[in-house]
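Dear colleague,

Please find below the structure that I am handing over to you. My notes on it come after the model.

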Amino acid sequence: MTFAELHRLYHLPFFELLDRARAVHKENWAKTEVQLCTLLSIKTGGCSEDCSYCAQSARYNTGVKAERLMSTAEVMPIARRAAETGSTRFCMGAAWKGVRDGDPRFESVLETIREVSKLGMEVCVTLGHLGPDAARRLREAGVTAYNHNIDTSPEHYPNIVSTHTFDDRLETIANVQRAGMSVCCGGILGLGETVDDRLRMLQVLATLDPQPESVPINSLMAMPGTPLEGNAQVDAFELARIIAVARIALPRSKVRLSAGRTGLSREAQTLCFYAGANSIFYGSKLLTAQNPARDSDMALLQMLGLQPQQPYTDVDHPTPDGAYTDAEEAMCGEGTSCGSCCAPHDHDEAHSHTHAHEPAHSHS
Ligand code: SAM
Ligand code: DTB
Ligand code: SF4
């Protein structure tokens with residue numbers, strides 16, 4: 001989509017924009033399902049980068065202390081509990097600039113991924129900058145998606161971070177795609193950007209080829225001690241508009257209503273689900289910040305008649321050259337899919353299919 005098209009959509013009368021987003025959502029997502037993702041900070045604080053929103057940067061006095069990397073044995077009980085309480089995705093985050101092949105800590109992360117990937121959840125990691133070899137090794141260890149956000153427009157990015165560039169972010173995303181992992185890529189609202197910056201961010205996301213498998217939309221949680229501590233809370237209607245435009249521009253991406261839900265009423269979150277959000281972080285802690293309690297999320301979903309997405313493990317990936325193969329699409333069959341290689345299927349109906357890059361599998 002061109003910037004002008006995104007701009008026109010965003011500025012439609014509110015209900016017309018919602019109607020359009022809802023129609024796209026219904027066309028592409030068979031059920032009223034919301035994916036539940038558990039987030040775990042496996043290496044907290046002490047980060048060398050200066051992202052001005054982040055409580056984990058070593059450059060700011062935020063009260064977050066630097067911790068060592070969690071071991072596999074420490075992570076596993078938390079991952080098991082996530083699977084038991086209904087999460088279908090387990091996301092592990094590390095506060096460091098990026099991954100260096102040969103670093104013993106990377107070997108430890110790979111071991112953790114191998115173990116977590118046996119639990120039947122999608123496995124997502126966010127470890128900062130990634131080269132081609134490290135990307136390949138993550139894929140081999142069982143990572144299904146790599147989270148690396150562009151966060152804002154290319155134009156606004158240098159106002160937010162100086163220790164790496166927007167192009168560095170795109171380079172990592174390209175390495176992730178070439179290695180055959182799905183890309184989880186989104187951004188943050190509330191960084192002092194304009195509406196046009198937000199739309200430029202969506203334009204860049206929609207231009208990624210293939211489009212990201214999931215798109216986290218974070219609202220800034222203004223962390224004390226960071227340069228952005230005084231920024232205002234994002235307006236719920238502006239958030240809903242961005243989610244609606246994201247749903248239209250990225251019809252087959254999971255749009256994750258991410259950080260900042262503690263600052264949103266139940267009604268505002270409902271508006272975001274209606275506008276096209278179909279994934280949340282589940283559990284009372286994000287990386288360092290608070291998230292709604294599991295019980296209150298479950299009560300809200302139940303009240304709305306939304307079902308948590310059923311567990312399934314056969315996550316599709318782009319092929320290393322970035323395109324999906326005909327074989328993948330043919331095997332998915334009409335009316336069913338995995339949310340990545342074709343339109344999402346109804347997970348109540350068991351089906352199986354074969355992918356060029358992996359053995360036959362089934363999900364139910
Ligand atoms: N270090 C890795 C990186 O920067 O890619 C991964 C962790 S980083 C904390 C993951 C994402 O969380 C950021 O890209 C940003 O979108 C989001 N985030 C971090 N701090 C936030 C905050 N205070 N409010 C909202 N979103 C935040
Ligand atoms: C994403 O886009 N949001 C998550 C996840 N990816 C790693 C992180 C949110 C962090 C919120 C602030 C904190 O907990 O410090
Ligand atoms: Fe470090 Fe990631 Fe926080 Fe930036 S967002 S300071 S890279 S942990």
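Predicted model: local features only at pLDDT ≥ 70, side-chain atom pairs only at ≥ 80, totals over all residues.

Residues are numbered from 1 along each chain as its sequence is written, and chains are lettered from A and ligands numbered from 1 in the order in which they are written.

Helices (H or I, at least four residues) and strands (E, at least two) are DSSP runs, numbered from the N terminus. In H4, the buried residues are Val109, Thr112, Ile113 and Val116; buried denotes 20 or more other C-beta atoms within 10 Å of a residue's own, exposed 12 or fewer, with C-beta atoms placed from the backbone. These buried residues fall within an arc of 100° seen down the axis of H4 (taken from the directions from the helix axis to the C-beta atoms), so they line one face of the helix. Pro104 and Glu107, on the other side of H4, are exposed.

Strand E2 is largely enclosed by the rest of the structure, because six of its six residues are buried. Arg89, Cys91 and Gly93 lie on one side, and Phe90, Met92 and Ala94 on the other. E2 runs parallel to strand E1 (residues 33-43), to which six bridges join it; strands pair if DSSP finds at least two bridges between them. Cys91 is the bridge partner of Leu39.

Ligand 1 is surrounded by 18 residues (C-beta atom, placed from the backbone, within 6 Å), the closest being Thr126, Asn149, Asn218, Met221 and Ala259.

With kind regards
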